[in-house]
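Welcome to this note for a colleague opening the structure for the first time.

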Amino acid sequence: MLENYVECRWIAGTGEGEPLTDPVTGEELARVSTEGLDLGAALAYARNTGGPALRELTFAARAKMLDAIAKLFISRRPAYMEIARANSGNTERDASFDIDGAIGTLRYYAKLGSGLGDTNHVRDGEPFPLGRDASLQAVHLATPRTGAAIHINAFNFPAWGTWEKAAVSLLAGVPVVTKPASSTALLAWQMVRDVVDANLLPAGALTLLAGGVRDLLDHVDSADVIAFTGSADTAARVRGHQRVIARAVRVNCEADSLNAIILGPDSTDVDLFVSETVREMTLRTGQKCTAIRRALIPRAKATEVTEALRAALANVRVGDPRKADVQMGPVVSKRQQQSVRDGLAQLARETSPVFDGSNAAIDADDPSRGAFVAPMLLEARDPGAASAVHDIEVFGPVATLLPYDSIEDAFALAARGRGSLVTSVVTSDETLARDAALRLAQTNGRVMILNESVRAANPGHGTVMPSCIHGGPGRAGAGEELGGLRGLWFYLQRTAVQGPESYVRALAASSAALS
Ligand code: NAP
């Protein structure tokens with residue numbers, strides 16, 4: 001039984017717990033449980049012990065802690081890669097995306113934090129006069145919230161999900177109560193264990209709940225914040241929780257999303273479009289919130305693009321990630337395998353398969369024991385009339401082609417996702433790129449314009465850069481994380497301070513400029 005880290009102690013939950021398995025063999029690796037824990041006391045300890053200790057520190061000092069955590073993780077990387085293989089069925093590439101993503105984000109925020117210097121409050125803008133003369137002035141200051149930051153994460157990014165949130169929260173000076181998804185908690189657990197053993201954070205700054213969320217939200221209070229990542233259904237439950245509403249708790253939700261890529265009518269970069277689509281379908285076996293689910297192509301190019309996609313997908317070798325040639329491992333559990341099958345059955349009502357990898361051999365000792373899913377490319381029979389392809393996120397190596405007649409149709413189809421994390425547009429037409437950015441902005445947290453000129457620099461459609469905001473409107477959760485220093489606002493309380501000019505100017509001078 002993996003222990004929880006609460007009130008600076010490692011405590012095992014009671015009961016049978018939830019099993020964590022190896023999705024290749026089905027073997028049980030560990031169990032998690034939060035049964036028997038006093039979650040109200042855990043939150044209170046974070047608020048009352050971790051909060052004051054972190055708020056004492058300046059941004060520069062907190063940044064040093066993040067840097068030390070990143071260095072520790074670099075030294076422990078081989079062990080983490082092994083856990084990612086065992087508990088998430090990750091290939092080397094998949095595990096790197098999660099683990100190196102976590103390390104990169106920590107390092108990025110360590111650097112930003114050191115730039116904020118030796119202060120522990122920030123300002124939003126400069127002082128300005130309020131009255132007829134300059135004697136009375138105002139400045140917007142921001143200070144760390146005095147509650148705990150509750151981080152609830154999804155199963156698909158146990159490392160990155162944990163640390164992209166924790167990095168921003170700790171830098172802001174707010175203690176973290178992190179809850180990884182139960183099924184893949186082993187990696188997050190090991191990383192927290194290592195940070196605790198290395199004594200890198202003040203007491204109470206980090207709490208780990210390995211197991212179910214239980215009654216945690218019944219104990220939240222007004223100064224707390226909740227950063228949630230997961231499905232839209234669970235996000236709605238978190239947002240609608242009675243205590244969360246009653247105490248007006250600040251909530252950020254990162255939920256699921258029907259992301260799109262559009263091949264511009266002008267574009268000759270078919271290979272770029274194909275490589276983006278195939279990578280997004282197969283990286284982490286399609287279990288990425290930002291993965292391409294809908295690929296929009298000009299009807300006139302449908303045959304050419306479909307053939308190129310078929311050829312690329314035929315090369316993807318599925319199997320046990322421990323085997324050298326395997327490019328795509330299983331999904332994380334038998335439950336997720338069933339969920340992909342159920343989703344495919346729903347999409348089948350309005351799509352036809354154009355590539356079905358399920359006849360290819362699976363490179364594993366006993367494929368029947370694993371949670372393997374073949375890549376599946378579908379084509380919508382009538383993209384405009386379809387509804388499931390714009391609504392059901394099949395969380396696996398699945399995408400649907402949507403042929404369009406005009407770019408206006410393409411924009412309208414992309415918007416049918418009711419709010420997405422990201423849409424990419426492959427085009428070399430500057431006017432189209434501008435129209436796309438402005439038209440897609442309302443329904444996307446991120447818009448990426450791609451063509452041959454950015455091939456070398458392109459991190460990929462699905463890569464979340466800590467310098468850019470991550471989140472999306474509507475069903476994507478209506479949230480916003482990261483975005484460099486912008487990410488700190490969620491954890492800070494902004495206050496307009498008004499007073500005599502010299503007092504206000506002195507306060508402003510002792511703060512760091514956040515915007
Ligand atoms: P999920 O079932 O919604 O679970 C997410 C987290 O919520 C887990 O830690 C889960 O704990 C917890 N949880 C379950 N019931 C809860 C409740 N009543 N109140 C509060 N928390 C509760 O999602 P998932 O299956 O782990 O993750 C896959 C989904 O996440 C996909 O839809 C994907 O698109 C989305 N996702 C979005 C982003 C993004 O940044 N937008 C990133 C990654 C994933 P247990 O595991 O213990 O049940």
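1. Which polar side-chain atom lies 3.5 Å from a nitrogen atom of the ligand? The atom belongs to arginine 237. A polar contact here is a pair of N or O atoms within 3.5 Å.

2. Please keep in mind that this is a predicted model, where local features need pLDDT of at least 70, side-chain atom pairs count only at pLDDT 80 or more, and totals for chains, interfaces and linings use all residues. Residues are numbered from 1 along each chain as its sequence is written, and side-chain values use heavy atoms, leaving out hydrogens and water.

3. The backbone takes part too: a backbone N or O atom of phenylalanine 155 is 3.1 Å from an oxygen atom of the ligand. For glycine 230, a polar backbone atom lies 3.4 Å from a ligand oxygen atom.

4. Around the ligand there are 27 residues (each with a heavy atom within 4 Å of it). Ser182, Ser231, Thr234, Glu393 and His470 are the closest.

5. Two elements each give two or more residues to this shell: β10 (225-229) and α7 (232-239), both taken from DSSP runs (helices H or I, at least four residues; strands E, at least two). The most come from α7, with 3 residues.

6. Finally, the shell draws at least three residues from each of domain 1 (4-255 + 478-513) and domain 2 (259-467), with bounds from an automatic or database domain assignment.

How values were computed
A polar contact is a pair of N or O atoms within 3.5 Å; within protein, one must be able to donate a hydrogen and the other to accept it, and residues adjacent in sequence count only if both atoms are side-chain atoms.
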